[in-house]
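Trainee: I have just opened this model and would like to learn how to read it feature by feature. Could you take me through it slowly?

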Amino acid sequence: MITFAEVKCYNCENSFPVYWNNWEKNLPIRCPFCIASFNEKFTEMLKHSLGTVNELNKELRSRHSDGSHDLF
C-alpha cells in the first residue's frame, strides 16, 4: 500500500498527490500546475495526517498477515 493524499488546488482547480514515502522530496508542497503552495503550518498538519494513515495501514497489514483481521 502506498500512503498519499490527493490535494485539490482551488487556485487552478487541479488535483495532485502528495506521497508519504520520501517525504522530503515532496517539500515544499506546491501545486505542479500553478504557483500555489502550502505554508509551514499546513505542511506539518499534512505530514502528521499522512504519518497517522501510514501507521494505520502498517497495523492493518500486520494484523491481516497474522490472520486475525480482514485486509482493508
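Mentor: Let us start with a term: a residue is called buried when its relative accessible area is under 20%, exposed when it is over 50%, and partly exposed in between, using a 1.4 Å probe and protein chains only. By that rule Cys9 is buried, with a relative accessible area of 7%. Before going on, note that this is a predicted model, in which local features need pLDDT of at least 70 and side-chain atom pairs count only at pLDDT 80 or more, while totals for chains, interfaces and linings use all residues. Residues are numbered from 1 along each chain as its sequence is written, and side-chain values use heavy atoms, with hydrogens and water left out.

Trainee: How many disulfides does a search of the whole structure find?

Mentor: A disulfide is a covalent bond between the sulfur atoms of two cysteines. The test applied here asks for a pair of cysteine sulfur atoms within 2.5 Å, and a search of the whole structure finds zero. The sulfur of Cys9 has its closest cysteine sulfur in Cys34, at 3.6 Å, which is too far for a bond. Cys12 is likewise in no disulfide, with the sulfur of Cys31 as its nearest cysteine sulfur, 3.6 Å away. Cys12 counts as partly exposed, at 23% relative accessibility.

Trainee: In what sense do E1 and E2 pair, and over how many bridges?

Mentor: Helices (H or I, at least four residues) and strands (E, at least two) are DSSP runs, numbered from the N terminus, and two strands pair if DSSP finds at least two bridges between them. E1 and E2 pair in the antiparallel sense, over five bridges, and Val7 stands opposite Phe16 in E2. The hairpin that they form has six residues between the strands, and there Glu13 takes a positive phi near 70°. Glu13 is a residue other than glycine with such a positive value, and Glu13 is partly exposed, with a relative accessible area of 49%.

Trainee: Which residues of E2 are on the covered face, and which are on the uncovered one?

Mentor: In a regular strand the side chains alternate between the two faces of the sheet. In E2, Phe16 and Val18 make the covered face, whereas Ser15, Pro17 and Tyr19 make the uncovered one.

Trainee: Which residues make up the largest nonpolar core?

Mentor: In soluble globular proteins, nonpolar side chains tend to be buried together. A nonpolar core is defined as a set of buried Ala, Val, Leu, Ile, Met, Phe, Trp, Tyr and Cys residues joined through side-chain atoms within 4.5 Å. The largest one here has 11 residues in all: Ala5, Val7, Cys9, Phe16, Val18, Trp23, Ile29, Cys31, Ala36, Leu46 and Leu50. E1, E2 and H1 each supply at least two residues of this core.

Trainee: How many aromatic pairs does the structure hold?

Mentor: A pair of aromatic rings is described by the distance of the centres and the angle of the planes. Rings of Phe, Tyr and Trp (its six-membered ring) pair if their centres lie within 6.5 Å, and planes under 30 degrees apart count as stacked, over 60 as edge-to-face and the rest as tilted. The structure holds two such pairs. The rings of Phe4 and Tyr19 have centres 5.4 Å apart and planes at 40°, so this pair is tilted. Phe4 lies in strand E1 (residues 4-8) and Tyr19 in strand E2 (residues 15-19), so the pair ties together parts that are 15 residues apart in sequence. Phe4 is partly exposed, with a relative accessible area of 42%, and Tyr19 is partly exposed at 33%. The rings of Trp20 and Trp23, with centres 6.1 Å apart and planes at 40°, also make a tilted pair. Trp20 counts as partly exposed at 26% relative accessibility, whereas Trp23 is buried at 8%.

Trainee: Is Thr43 buried or exposed, and with which residues is Thr43 in contact?

Mentor: Contact means heavy atoms within 4.5 Å. Thr43, which lies in helix H1 (residues 40-65), is buried, with a relative accessible area of 11%. Leaving aside neighbours within four places in sequence, Thr43 is in contact with Trp23, Leu27, Ile29 and Phe38.

Trainee: What kind of peptide bond joins Leu27 and Pro28?

Mentor: The bond that joins Leu27 and Pro28 is a cis peptide bond, with omega about -15°, and Pro28 lies in the loop between E2 and H1.
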